[in-house]
Amino acid sequence: MTSDAARAVHARLYRDGALADGRSDRLSLGVSILVEGGRITWIRPADDEGPLPAAGSVDVVDASGSSIVPGMVDAHSHLTMPGGAHWIDRGADPTERLLATAEANARLLTGAGVRWARDVGSVRRPDPDTGSERALAIGVRDRWRGRTGYPHVRAAGTWIMTAGMLPGLSVEARNADELLAAALAQLDDGADLVKLYLDGPDPATCPWTVAEIRRVVDAVHLRGGRVTAHSGYLAGARAGAEAGVGALEHGFELDWDTATTMARNGVRLVSTLCVLASWQTFGITTALPRFASDEGAVRIEARRERALASVAAAHRAGVSIATGTDHGGGSTRANQLAWEVEQLVQAGLEPWEALGCATWRGGELLGEPDAGVIRVGGPADLVLVHGDPLSDPTAMWRAWHSSWAG
Ligand SMILES: [Zn+2]
């Protein structure tokens with residue numbers, strides 16, 4: 001289509017698809033959706049569409065054989081990093097390289113059907129526009145706003161943690177006062193949320209007390225921000241759940257007590273099971289002892305089993321689960337959210353529930369009621385996948401059309 005012809009098309013009709021919205025196990029067949037000005041005008045039976053806008057002004061997409069699902073929410077992203085078996089090393093790449101990686105990730109996310117990316121950590125570098133140093137993803141968020149083909153972004157600043165955990169990548173706090181100051185400084189830089197690390201050098205000990213974490217949560221809330229917490233081990237999960245952080249990221253070690261505390265305190269879980277699944281693939285594709293040695297394989301399998309059980313416990317306890325790939329800041333890639341949907345089903349969720357985690361529950365986590373939702377009047381963020389994700393979660397790998405791609 002020429003650009004002149006593209007401008008002449010005011011409306012797009014998705015005709016005769018199946019609809020799966022992640023709210024129930026019901027696949028609605030024979031659905032047509034009319035989109036005008038980027039918004040959903042109506043959702044009608046394909047055999048009773050009624051009058052259409054003037055012929056020639058409607059771009060008709062034959063959605064037959066596809067399921068229409070909401071644009072997804074990758075609730076755990078690291079947009080400036082590429083992933084892979086050396087993912088942490090990549091955080092030291094030159095700034096221009098990290099920004100180019102973010103551009104590539106935007107294309108991967110859009111192609112995979114991800115409309116929203118919640119960036120939960122990027123390195124501090126001079127911003128290319130202002131020259132002042134802050135978390136790179138904050139500027140990425142601002143430069144992508146309103147651009148066709150790019151995901152919507154909500155960005156944390158830089159990881160805040162106790163000294164020695166990720167030197168050179170993180171902001172380090174040596175005591176509770178520094179923790180609070182570092183959190184508020186991220187908000188000063190323009191972060192939407194603050195990311196605390198609740199793992200310390202000793203996995204059995206959370207580096208911060210419940211009171212110290214709660215003090216940060218209260219202060220950030222007063223400023224209109226949100227707090228989320230990295231939790232790879234049980235000790236940090238317990239403290240974060242008690243302190244009422246907005247969410248625990250990963251939650252690889254949750255016991256029943258912690259899961260029920262999360263539910264009681266409204267603490268969400270952002271699952272990232274596909275990271276551990278990807279480490280298992282590195283046992284085959286790399287010679288790195290951490291992954292490829294016998295001990296490494298045993299350790300990763302044990303962690304993965306425990307992480308699956310943790311998600312199952314959170315689900316049983318009624319914790320709201322959003323989900324993410326951890327792409328970039330973990331080993332996975334930006335177009336792999338379908339992998340996480342599969343992993344959630346392995347953890348015992350129904351496929352429709354897993355789709356809900358990757359769509360509207362992510363929207364709830366963000367406080368964005370239109371994210372991950374298909375409704376008349378709402379934004380037309382639609383993804384067409386080949387097959388039925390409600391009986392076969394691998395269908396999510398077969399996304400072939402994202403409505404915002406341009
Ligand atoms: Zn991460």
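Where does aspartate 16 lie? Select aspartate 16 in the viewer: this residue belongs to strand 1, which covers residues 11-19. Keep in mind throughout the tour that the model is predicted.

**Stop 1: aspartate 16**

With aspartate 16 selected, look at the backbone. Its phi is near 65 degrees, a positive value in a residue other than glycine. The relative accessibility of aspartate 16 is 35%, so the residue counts as partly exposed, a class that runs between 20% and 50%.

**Stop 2**

Histidine 78 and aspartate 326 link distant parts of the chain, being 248 residues apart.

**Stop 3: histidine 78**

Select histidine 78. The residue sits in the loop between strand 6 (72-77) and helix 2 (95-111). Is histidine 78 buried or exposed? Histidine 78 has a relative accessible area of 2%, so it is buried.

**Stop 4: aspartate 326**

Finish by selecting aspartate 326. Look for it in the loop between strand 17 (321-323) and helix 11 (337-346). The phi of aspartate 326 is positive, about 60 degrees, although the residue is not a glycine. What is the relative accessible area of aspartate 326? The value is 6%, and aspartate 326 is therefore buried.

Definitions and conventions
Residues are numbered from 1 along each chain as its sequence is written. This is a predicted model: local features need pLDDT of at least 70, side-chain atom pairs count only at pLDDT 80 or more; totals for chains, interfaces and linings use all residues. Side-chain values use heavy atoms; hydrogens and water are left out. Helices (H or I, at least four residues) and strands (E, at least two) are DSSP runs, numbered from the N terminus. Buried means under 20% relative accessible area, exposed over 50%, partly exposed in between (1.4 Å probe, protein chains only).
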